[in-house]
Amino acid sequence: MNPEVSEQAAAAAAAGSDAAHFQRWLRQYQPPAGRHDELLTAGGRVRAPWARFLAQLSKLRPHDFEHRWEQARKLLVEHGVTYNVYGDPEGQERPWELDPVPLVLGADDWATIEQGLIQRATLFDRLLRDIYGPRQTLADGLLPPEIVFANERFLRPCVGLPAAGGRHLPFYAADLARSPDGQWWVVSDRTQAPSGMGYALENRIVIGRALMPEVARECQLVRLAGFFDHLRETLAAAAPRPTTQPHVVLLSPGPLNETYFEQAYLARYLGITLAEGEDLTVREDRVFLKTLEGLRPVDVIWRRVDEGFADPLELRSDSQLGVSGLLQAIRAGNVTVLNPPGSGVVEAPALMAFLPGLCERLLGEPLRIPSVATWWCGQEKPCREALSQLDRLVVKHAFHKGSKVSYGRSEDPGGRAALTGRILDDPRSWVAQEEIPYSTSPVWGGHGFEPRQVTMRVFLVAEGDSYVVMPGGLTRVAGESQSRPGISMQRGSGSKDTWVLSDRAHEPQLPSVRNRFPVVIRRSPGQFSSRVADNLYWIGRYAERSEFATRLLRGVIGRISAESGFGAIAEIGPLWDYLILLGHLEAPMSHREPAAQGFAPLELALKAAVFDPKRMGSLLELNSQLLRLGRVSRDALSLDTWRIVRRLGENLREWPSVRRLGDLMPLLDRLVNLHAALSGLAQENTTRTPGWAFLDLGRRLERSLYATGLGQTLLEAPDADRRAALDAVLEVFDSAITYRQRYFFEPRLLPVLDTLFVDPANPRSLAFQLERLDSHLASLPTELRQPHSTQSRGVTTRALERLRATDLGARDVEEERQRLGAMQHFLDCLGPELESISDDLTRQYFSLLRPEQFAPEAPR
């Protein structure tokens, strides 16, 4: 044992190792009777691992823990950690609930869990091989046929599917609970598509790194990074044929799934492609990803779509989440899917009753960690036993996990009689299980620790002929009002980090992973699916749409809320008209006649243009759309970019109520600054990939459309209005300084038009946007194969030629009139042509690809 750890333990022992030694934390801690408490023994003494933890925690200065926890909670929000709770009034994106106090386990305790779960995963792997193969366990009577054939998760089309490396269960997770005697029990098995390891990693980053890194270090906390190295290696090694760069995708059900954050997070952390069913297609028994360059072959699919939805051709025909022909591609040996479809059959609660006998037969040893006591009512004797003690058991469906659970102790005699009747009507569909009083563990109550029920999910990944166990896991905490077992995130439970403390001098790491492949330097842009490119393109468009609308509203509100009040309204006539044209504003009257009805309706209209969530084009609606697109593109955005997108989406909702129109100016200034930050991150911090090209292309196209539209509105306005509005228009284009550095007189129409539309050196000008548009279009696959072959490129080329030939100098009034007429005609023609670029991009890159659009394969 580490001498330092021994000294800490000795110091704790000298102090009594009882609750009195840690009163700062335990003054309110009173575990309930009849349950195992993870922190205190029945005699009130602090358990050894917790003594080590509390000894280090107590070194923090007073209130330091509370301050750090407040910062850590902000970090969770900044990271956008969410769990989608179906039907929850908080909506799709519910913030992740994390408690700052980890569940602390010692090395000996963890060794028992580790050995027991490796055995259990091995057992399930053997059992799956038998169920989808010879079914000897059925023939020998070890397993009743109904357990398999009556289970909807037994997928007949999956019989005989090849398993990568002979592994039928590459990933496994188990939910554990501790009974009052301190025994660990498995209460649920996760073999279909185990979820939660990404949340466990995020919990560790927040708690172990941000909240109390020195406590983690001094307690010899075993790190999680090694487990994810093994996970990455397992995914790469599963490729069906040798390749230097296996293409791995994580198949997600999409943003509406409860764990979508985790899926995007893991894809980004592991460096694999996040894909949805619509992103993949099967051609000639091979799976391909639809990318901008064409169809790219996929070697390995990490499946997070429910297995029944994985292939609408052979499984559920109503599925819109899977990939038609996927099972045939697996049969042909062209793709590996982890976990294989059909692996969920061994999740059935009814199977738990037979695991002890199966373990003895298949592995030749007793089950090391028992399952919660289970009676399958499909057998006469167990059914009688269950019915005779129904008042202390939990009754659930034998095969459908997640179905309604009935607690015998909560039913009155009439309710238990009705429950008995349902069981006897269809006994094979029901199981009864012992109700375990879950153990309690400390949670932070604001001023100290409080006990709360916990369960722990532990994750395993196959390696060789065994498994590697994550040294920790996802601990789930009952909600404050929850008193019965069945802790579930869908019912509002929270989570904890899980700490495994080492007893060695230096923290042990999982064995290093041997690099299977030569180190290959890559500077290629990687695989960008059409869906991701489409989302990034629209992020660019909505970002610019929001920024331009913000600048327009700031230009209007800043003038009419100044000293001159509505007397300055003549200065913003074209801006006002353009806001109405775009739908950002519904004017209750003409801006030229404010006195007719008073100023109040105008103020209300402008406030609604900012805050009305139901008005298309309001800042709140635009920024909400931007946030929605950011959420579904998390795997393609850096953390800093996501933070800015989130702040833009939430600032308006969090802003205090506005009484005076002038109170809006600080908000609009803040939004403009956030947009500047977002644009700066895109230009300075984003690698020049096709994804960046579409992000910037969307922004440049939207800015060109806005510039063209405002230019048309300006030129169509009466001469007095447009001359009065030139200062405001320069401000909206953020070009006032540029103009004044060149001209030493008040704004004049032709020089302003040259600055805003013709000058290629002004990054806000139309010419600058068109040059960037043309450059991005030239970099896209179709143009690279055949330059100047697309409709979009034709639009930008013609427009640039016209602008480069434009001279807005004038010697007299007549020549000025001609120049203005020519510019107005150019803008009138350009608007519809710019709109056609979006349709052309959709046809080329965002819609479903034609079968013949295969991209060259990567070196294999």
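Residues are numbered from 1 along each chain as its sequence is written, and side-chain values use heavy atoms, with hydrogens and water left out. In this predicted model, local features need pLDDT of at least 70 and side-chain atom pairs count only at pLDDT 80 or more, whereas totals for chains, interfaces and linings use all residues.

View 1. D696 lies in helix 22 (residues 690–716); helices (H or I, at least four residues) and strands (E, at least two) are DSSP runs, numbered from the N terminus. D696 has a relative accessible area of 4% and is therefore buried (under 20% relative accessible area, with exposed over 50% and partly exposed in between; 1.4 Å probe, protein chains only). Its side chain makes polar contacts with the side chains of Q683, at 2.9 Å, and H776, at 2.7 Å. A polar contact is a pair of N or O atoms within 3.5 Å; within protein, one must be able to donate a hydrogen and the other to accept it, and residues adjacent in sequence count only if both atoms are side-chain atoms.

**View 2. Helix 26 within the structure.** Helix 26 (residues 749–758) is largely enclosed by the rest of the structure, because nine of its ten residues are buried. Among them are L749, P751, F757 and V758.

View 3. Four bridges join strand 7 (residues 286–291) to strand 8. K290 stands opposite L295 in strand 8.

Key
Pairing = 2+ DSSP bridges.
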